[in-house]
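Hi,

Here is the structure I promised to pass on to you.

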Amino acid sequence: SPDDVQAVLVAALSDRVVRAESVKARVFLSIHLDNNTERKGKGVMLWVYGANKRIPQGPPRQPGERILPPPPKEQLAASRLLAERIQTVLKKRGLRVAPYVDRGPFAVLKGPEMASVLIEGANLRDKKEAAQMKDPAYLAKLADAVAEAVALHLAN
């Protein structure tokens with residue numbers, strides 16, 4: 001329901017993961033837009049859980065937010081596979097995508113029972129990428145590509 005969606009959107013990042021686990025989700029996608037002055041646009045960037053020297057602690061947590069443990073190795077492997085599938089389908093559909101899957105210590109990537117991928121759709125500091133995020137045709141193409149990749153992942 002719309003109220004359930006709104007409750008998830010305002011929940012702490014780790015609580016979003018816990019809620020998804022409670023309904024036995026098999027996939028968790030966290031979709032973001034970057035506003036980074038330190039990087040040029042690279043297209044869609046995909047992230048899975050892991051250490052990253054550039055962001056050792058990850059983003060700040062909300063006061064009182066629970067800190068989840070890292071996901072087990074089998075979920076890390078499932079997450080990487082899902083991210084690579086998304087990357088492949090994005091490329092196949094002619095969308096610009098970073099040539100690698102990055103790693104980060106983000107709370108939304110710590111699901112112990114589900115593949116978890118953070119999708120950074122664009123860097124809003126890049127004028128071309130920011131313009132794409134306002135184009136309904138581009139957004140539909142992006143959404144369709146991600147949906148296709150998730151369907152492929154769930155079929156296996």
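This is a predicted model: local features need pLDDT of at least 70, side-chain atom pairs count only at pLDDT 80 or more; totals for chains, interfaces and linings use all residues.

The largest nonpolar core holds 24 residues, and Val44, Leu46, Ile86, Leu90, Val117 and Leu142 have the most contacts inside it. At least two residues of this core come from each of β2 (44-49), α3 (73-92), β3 (97-104), β4 (115-123) and α5 (136-155). Another core, of 13 residues, lies apart from the largest one and includes Val17, Leu68, Val108 and Leu109.

Now to the charged pairs. The count of salt bridges comes to six. In one of them, Arg66 pairs with Asp15, with 3.1 Å between the closest N and O atoms. Arg66 sits in the loop between β2 and α3 and Asp15 in helix α2, 51 residues apart, so this pair links distant parts of the chain. Arg66 is partly exposed at 44% relative accessible area, and Asp15 is partly exposed at 24%.

Glu84 and Arg80 also meet in a salt bridge (3.8 Å, N to O); both lie in helix α3, four residues apart, about one turn of the helix.

Glu148 forms a salt bridge with Lys92, the closest N and O atoms being 2.7 Å apart. Because Glu148 lies in helix α5 and Lys92 in helix α3, the pair ties together parts that are 56 residues apart in sequence. Salt bridges with shared partners join Lys92, Arg93 and Glu148 into one network.

Best wishes

Definitions and conventions
Residues are numbered from 1 along each chain as its sequence is written. Side-chain values use heavy atoms; hydrogens and water are left out. A nonpolar core is a set of buried Ala, Val, Leu, Ile, Met, Phe, Trp, Tyr and Cys residues joined through side-chain atoms within 4.5 Å. Buried means under 20% relative accessible area, exposed over 50%, partly exposed in between (1.4 Å probe, protein chains only). A salt bridge is a side-chain nitrogen of Lys or Arg within 4 Å of a carboxyl oxygen of Asp or Glu.
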